[in-house]
Amino acid sequence: MALARGSAADLLIEARAGHLHSRLKDQAGFTLDSRVGTSEVVSWRKSLPILLTDLADAGLGDVEVLLEHQLPHSKQRIDVVLCGVHPRTGQSSFVFIELKQWSTAESYLSEVINVPGLPGHHLHPAQQVHGYRQYFVDHTPALADRPHAVHGMAYLHNARRTDVAGLLQNNPNPASRLFTMDDKAAMGEHLNAVLDPSVGRRKNVESGDEFSGFTHRPTKPLLDLAAAEIRDREQFVLLDEQKVAYELVLHAVERSRAAQTRTVVIVEGGPGSGKSVIALSLLGELARRGLGVHHATGSKSFTMTMRKYAGRGNTRVQSLFKYFNAYVGSEPRELDVLICDEAHRIREKGVDRFTKKERRERADRQVNELVNVATVPVFLLDEHQVVRPGEMGSLKEIATAARALGCEVEVVRLHDQLRCGGSVSYDTWVARLLGLGSAEPPIPWSKLAGPLDDGITLTTASSPEALESWVLRQQAQHGGVGRLAAGFCWPWSNPVKTSDGLRLVDDVQIGAWKRPWNAKGEKTVPDVPGASYWATDERGFGQVGCIYTAQGFEYDWSGVIFGKDLVRRDGMWRPVRENSKDTEVRKADELHFGALIKNTYKVLLTRGMRGTAIFSEDPETQEFLEEMTR
C-alpha cells in the first residue's frame, strides 16, 4: 500500500508545482492509522523533488515510483520504491530508498549513529533500508527464490561526503549503498545497473503492478530460521491440557488442509497455566512445518519481550511477533495460523484516537479481523485479566464471532498451575479473596493450603519498607528475581533533568518511603530499563511496576502494594474511583470500574512463582489482608 504512485517524470512535474506533498498528506488521512506530522510533510516537500530530478537526470523518468509504501503487517513505511526491469536478467527489479535530510552525521556504534541537532541515537540509514528489504523479502513468498530482485540504498541528499565520512566507512550492510549529494553520478550509474532505462513505460508499470499485487506471509526461509531459533531454546514440556491444546491446533491445521474447514481454537486458563508456553511451542512447530504463522498480542511489553528473548536479537525472527492491530485491512486467510496470546486484551476495534474518521468507520471489529486473517486462529486468554475499558476478549465474544464467520470452535481449559509454586489452591485463594466470578467468600490461606502447596510463600508486610526488605531477603537467601508492583494510585511523572542527566521521579510515596514507577515507554534513563523490560531486566528492582508492565510476566518474589483504589469496608470490597490515577480505567461505569480494579490486583497477586508479600496503605484493608494470609 503506497500513498502515491506514478512515473518519476510525472511525479516530478507534480512536485515542482508544489502539489505532491499535499497529495501525500491528504492520502495519508485516508489510509494510515496515525496522523502525519508537519515535519514529515516538510521532508516530502524538500526531499522528493531532489530525488525525482536525479532520477530524470539519470534517464529513469519512466521508472515506476511508489511513495510511502507500508510494509505488510507493520506501520513502518519505505520512503520510495522504484519498480522496473533489470537490464541483464529482464526480470522485475525493485529498489527501496531511504531519504535523509541530514547534512552531517557521525558513527556511534557499528549500526548506530548520532545526528547533531537530533536527540537520541539513530539507526544507520543503510542498516535501516536493509531491514526493510529483508522484512519485505521474508514476508513475500514470490521473492523467496529471487531475494536479489530487491535492492536497497540510502540517499543523504543534503550531506557532503566529508560530513558523513564515518557513515560511509562504517556501513554495516555494504549491499545497501549510501549516497550523498556528491555522489549523484555514482548513484545514477548504480540505479542504471539494476533498472533498465530503455524498456519503456509499459514494462515499468507492469513491474509496479507486480510489486503492489504481491501476497504477503512468512516465507519458508524465515520460518526455517524461526524454527531453529525456538528449537535452540530450552525445550518446553507440555503437560495434560497443555498438550491437548497443542495437538488440537495441529489437528485443526491438518483438517483445514484436507477438508477446507476453518477451526478456531480457544485456550482458557489462569495465570501460570502455560498459555504462553503453548503459544511458543506452536510457533516453533508450525514454523518447522513451513506454515505461515504469526504470534500476536495486544501488549507492547509482552510483544517487545517476546521479540527480545524468543528472537534472541534476530530481527527477522522478531518480525513474526505482532500486535493485534497489525491486521486492520488484511486479506482473508493471509496466514495458516495466527496465535493470539493474551487474547483478553482484544479491543472492540483495532483503531486508536489518531485514526481518521473515514478509516475508523470502515474498520471491522478486531476479533473479526483476527479470525479472518488465518485459516486456524488460536486464542489464549484469561477473562479475569481484563484491566482496561474496551478490552473485550472473552470466551463468549470470541466463540460467537467465530461461529458467525462460519468457523468451528474448539475450547480447551487449562487447570495446571506453573506459577505461584504450582499451587492451584493459591489461584483459588486469590479468586476468593477478591470475589471474582463465582468464587466462594474469602478464606485464610492456612485453611485452604494443603500439603502440596509448600511451593508458595504467602505473607503480609507491615509497611512498604518491610515489603521491600522481604523481597530483598528472599532474593538473597533463596536466589531468583524479585519485583515490587502496585495499583495505579499515584501520579506518573516524566523523567526530570538533573546535572547528572535524566532521573525518574519518586511518585509512589507512602509515609517516608518513596520510589519511582517504572520508566514510561522506552524513555532512555540511565541504569533504568525501558518499560517493556521492567519485569525481565535485572535493573528493574529499583522501580515500582504497574499493571501494564507486570501483566504477562512472572518473577520469583513478588511484593504487591494495594493502593486506596480498592479498600475493605463492612466485609465487602469497595472500589474508590477518585483514588485511581488511571485515566482510562476511571472512564468506566461503576460496575466495570470495580471489576477492572479487582482484575488488576488479581494480575499483580499472581506474578510471583515462589512467593508473594502484600501491603495495603489503607489500615482497615491491611488488617483484612493480614487475617487472610494467616
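This is a predicted model: local features need pLDDT of at least 70, side-chain atom pairs count only at pLDDT 80 or more; totals for chains, interfaces and linings use all residues.
Residues are numbered from 1 along each chain as its sequence is written, and side-chain values use heavy atoms, with hydrogens and water left out.

Salt bridges come first. Side chains of opposite charge can pair when their charged atoms come close. Here a salt bridge is a side-chain nitrogen of Lys or Arg within 4 Å of a carboxyl oxygen of Asp or Glu. The structure contains 29 salt bridges. One of them joins E98 to K100, with 3.2 Å between the closest N and O atoms. The terms for accessibility are set by relative accessible area: buried is under 20%, exposed is over 50%, and partly exposed is in between, using a 1.4 Å probe and protein chains only. E98 has a relative accessible area of 4%, so E98 is buried. K100 has 13% and is buried as well.

Another salt bridge is formed by the side chains of R316 and D138, at 2.7 Å from N to O. R316 belongs to helix α12 (residues 315-318) and D138 to helix α4 (residues 125-138), so this pair ties together parts that are 178 residues apart in sequence. Helices (H or I, at least four residues) and strands (E, at least two) are DSSP runs, numbered from the N terminus. R316 is partly exposed because its relative accessible area is 24%, whereas D138, at 2%, is buried.

D183 and R161 also meet through their side chains in a salt bridge, at 3.0 Å from N to O. D183 sits in the loop between β9 (177-180) and α6 (184-194), and R161 in the loop between β8 (150-156) and α5 (165-169); the pair links distant parts of the chain, 22 residues apart. D183 is buried, with a relative accessible area of 7%, and R161 is partly exposed at 39%. Salt bridges can also join into a network, and R5, E64, R201 and D209 are linked in this way.

The next topic is helix packing. Two packed helices are described by the angle between their axes and the distance between the axes. Axes are lines fitted to C-alpha atoms, for helices over the stretch in contact, and angles run from 0 to 180 degrees between N-to-C directions. Helix α1 (residues 8-16) packs against helix α3 (residues 38-57) at an angle of about 140°, and their axes are 9 Å apart. Angles under 35 degrees count as roughly parallel, over 145 as roughly antiparallel, 65 to 115 as roughly perpendicular and the rest as oblique. The two helices α1 and α3 are therefore oblique to each other.

On the α1 side, A8, L11, L12, A15 and R16 take part, and they meet P49, L52, T53, L55 and A56 in α3. The residues of this contact divide into eight nonpolar, one polar and one charged. In this grouping Ala, Val, Leu, Ile, Met, Phe, Trp, Tyr, Cys and Pro count as nonpolar, Asp, Glu, Lys and Arg as charged, and the others, Gly among them, as polar.

Some single residues remain. L604 lies in helix α20 (residues 590-605) and is buried, at 0% relative accessibility. Leaving aside residues up to four places away in sequence, L604 touches A485, A486, G487, I547, A550, S558 and V560, where contact means heavy atoms within 4.5 Å. L604 and G487 are 117 residues apart along the chain, and their C-alpha atoms are separated by 8.3 Å.

N114 is in strand β6 (residues 112-114) and counts as buried at 18% relative accessibility.

Backbone angles close the account. Most residues other than glycine have a negative phi. D527 has a positive phi, near 60°, and lies in the loop between β21 (513-515) and β22 (544-545). D527 is exposed, with a relative accessible area of 63%. D570 also has a positive phi, near 55°; its place is the loop between β24 (566-569) and β25 (572-575), and D570 is exposed at 77%.
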